[in-house]
Amino acid sequence: MCSQVRGVGPLNRRGFYLAFQDIGACIALTSVRVYYKHCVGVSRNLAVFTDVVTGADSSSLVEVRGQCVDHAEERDTPKMYCSAEGEWLVPIGRCVCSAGFEEHRDSCVAPSEVLAIRQENTSQNSVTLLWHEPNQPNGVILEYDIKYHEKDHEEQSYSTLKSKNTSARVTGLKPGTKYIFQVRARTSAGCGRFSQNIEIQTG
């Protein structure tokens, strides 16, 4: 059986027609296979390169510009080239994680929210808080930020406290006063989101 391969292109429209001419020889057309080569979408250097069709001839390279992943920004314009064989070549440039995020498996992440804040001891002038480490620390947690203020007085003033552990004793509070507390984790890249509010009244 005789088979032939023909390339089609370059195209200037979205699609093309195939036609076959019977030249009278003693042959029969048994099958036609139409296919194209492409570079499969990938992530490199914190940039996403979408699926792209290869060039029209064997020596052509298609330049593709990458799009930075979420929470990342361009350091140098990320580019790669799609070869005629459907392979990515010559990665150039890269994206970097924005402030407050760090690189983890081709993405930029921050610590997830601190969970299960609760009070252990409460006196007239102090509160001891306990909490769990975030489910996704996304790095080594350096410390925790504790933010607190009198209920309904956040716009006027709030205070902060730092802790190396998953607990903290907050002192200097007013007796018989309701306070709102929030906690967040901090890694070398930055801080995660503050936890949900917890309301505690001093003795």
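In this predicted model, the area buried between domain 1 and domain 2 amounts to about 410 Å², with carbon and sulfur atoms giving 45% of that figure. On the side of domain 1, the residues that lose the most area to domain 2 are Gly100, Glu102 and Val109, which together account for 86% of what that side buries. The two parts in question are the divisions of the chain into domain 1, spanning 38-109, and domain 2, spanning 117-202, and the contact between them takes six residues from domain 1 and seven residues from domain 2. The C-alpha centres of domain 1 and domain 2 are 41 Å apart.

The interface was also examined for specific interactions. Sorted by class, the side of domain 1 that touches domain 2 comprises three nonpolar residues, two polar residues and one charged residue.

A further residue considered here is Leu115, which lies in strand β11, a strand formed by residues 115-122. Leu115 counts as partly exposed because its relative accessibility is 31%, a value that falls between the limits of 20% for buried and 50% for exposed. When residues up to four places away in sequence are not counted, Leu115 touches Trp131, His132 and Asn135. The C-alpha atoms of Leu115 and Glu133 are separated by 6.8 Å, although these two residues stand 18 residues apart along the chain.

Methods. Residues are numbered from 1 along each chain as its sequence is written. This is a predicted model: local features need pLDDT of at least 70, side-chain atom pairs count only at pLDDT 80 or more; totals for chains, interfaces and linings use all residues. Side-chain values use heavy atoms; hydrogens and water are left out. Domain bounds come from an automatic or database domain assignment. Contact means heavy atoms within 4.5 Å. Buried area is the accessible area (1.4 Å probe) that two parts lose on being put together, summed over both. Ala, Val, Leu, Ile, Met, Phe, Trp, Tyr, Cys and Pro count as nonpolar, Asp, Glu, Lys and Arg as charged, and the others, Gly among them, as polar. Helices (H or I, at least four residues) and strands (E, at least two) are DSSP runs, numbered from the N terminus. Buried means under 20% relative accessible area, exposed over 50%, partly exposed in between (1.4 Å probe, protein chains only).
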